[in-house]
Amino acid sequence: MIDFSILNYKEKFQGETMIAIEANNLTKNYKGFTALDKLSLNVMKGECFGILGPNGAGKSTLISILYGAKKSDSGTLKILDQEPSRKNRWLKEKIGIVTQENCLDESLNVFQNMMIYSQYLSIPKKKAKNKISELLEFMSLYHKKDFQIAELSGGMKRRLAFVRALLSDPEILILDEPTTGLDPAVRKLMWNKIIELKSDKKMTILISTHYMDEAEQLADKIVIIDKGKFQVQDHPKQIVKKHCPGYIAFFTKQTLSESIYKKYVNNKTIFNCNLHPYLCTLRYLTLDDLYNFIKKVNIQPELIRPSNLEDVFLTLTGRKLSEHA
């Protein structure tokens, strides 16, 4: 993953505020249900910022407020030092948005869809044609420019939504679960394009996702959100190191029962048999401690891996990140 230091930001944005998005105590309620509960965040210019959480955690509500589709009930928000709203045309042209729905006109072909949207952005016709061709090439869609929308695969429609979001040369790109439902090959293609935009264009990117590997691969900093609240906010590796360090071993419940485990229990491990109908997990701070336990009980695990953001989410909330995904 490409990582930019604070020095890179200072060099590119010298003389400007370095904060692209500044939110303080954002709250949103729906008929007694609190979707967002006093959320605060700063997204720096040139940064890729990830919002990680299960469906229903509040990610899409936060995204909608950030690009002006909804208003918070309380709290303050500034994007590029301005308050977002439906009437703020200048700011809307500075933000590219890929929502969960592609919202493409099925009656038009690929190129026509993009030309219609370029008119909304008041891009001159000749410039729009050149820009659309360039972006279709960038997203590996130029060969489909004359195809009807109905003829495109789900992955192609998603990539076309990216083209539309980039038409105005935005400073900020907001992505609401951009790879949900896509096959692994298309997801990897999308990841590569996001990394290119960040590294080549120095674009500020905010991405919401319930895929922990996506957040780990793309984001310089993430927040984990659950039930409308931020649970933790930091660099992905630092979050894992702080909240769930070590290594996880998976055993079948038939081979490693709780009674066997308790014979060797110590304060270096965390044991859990409630996450899976057939498996138990052990977490140790070091591989040596884990291998010593395995040697003592003489039982081979099904899998050993480093702790990750899924384990952090479980530690903080008591449930798996993927439960409601």
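In this predicted model, the axes of helix 4 and helix 6 (residues 154-166) come within 10 Å and cross at roughly 30°. Angles under 35 degrees count as roughly parallel, so helix 4 is roughly parallel to helix 6. The crossing of helix 4 over helix 6 is right-handed. Two packed helices are described by the angle between their axes and the distance between the axes.

Which residues make the contact between the two helices? On helix 4 they are Val110, Met114 and Tyr117, and on helix 6 they are Leu160, Val163 and Arg164. Two of these names return in another setting: Arg164 lies over the face of Tyr117, at 6.0 Å from the ring centre.

**Aromatic pairs**

Rings of Phe, Tyr and Trp pair if their centres lie within 6.5 Å. By this rule the count for the model is 2 aromatic pairs. The table gives their geometry.

| Pair | Centre to centre | Angle between the planes | Class |
|---|---|---|---|
| Tyr117 and Tyr120 | 5.6 Å | 40° | tilted |
| Tyr284 and Phe293 | 5.9 Å | 45° | tilted |

Why are both pairs called tilted? Planes under 30 degrees apart count as stacked and over 60 as edge-to-face, so an angle between those limits is tilted. The pair Tyr117 and Tyr120 has 40° between its planes, and the pair Tyr284 and Phe293 has 45°.

Tyr117 and Tyr120 both belong to helix 4 (residues 110-120). They are 3 residues apart there, which means that about one helical turn separates them. Tyr117 is partly exposed, with a relative accessible area of 28%. Tyr120 is also partly exposed, and its relative accessible area is 42%.

Are Tyr284 and Phe293 buried or exposed? Tyr284 has a relative accessible area of 2% and is buried. Phe293 is buried too, at 2% relative accessibility. Buried means under 20% relative accessible area, so a value of 2% falls in that class.

**The chain as a whole**

The chain has 325 residues, and 48% of them count as buried. Its secondary structure comes to 12 helices and 13 strands. Among the contacts in the chain with a separation of 6 or more, 69% are between residues 24 or more positions apart.

Technical notes
Residues numbered from 1 in each chain as written. Predicted model: local features only at pLDDT ≥ 70, side-chain atom pairs only at ≥ 80, totals over all residues. Heavy atoms only, no water. Phe/Tyr/Trp six-rings, centres within 6.5 Å; stacked < 30°, edge-to-face > 60°. Helix = DSSP H or I, 4+ residues; strand = E, 2+ residues; numbered from the N terminus. Buried < 20%, exposed > 50% of the residue type's maximum accessible area, 1.4 Å probe, protein only. Lys NZ or Arg CZ within 6 Å of the ring centre and 35° of its normal. Axes fitted to C-alpha atoms, helices over the stretch in contact; angles between N-to-C directions. Parallel < 35°, antiparallel > 145°, perpendicular 65-115°, else oblique. Left-handed = near helix turned anticlockwise from the far one by under 90°. Contact = heavy atoms within 4.5 Å.
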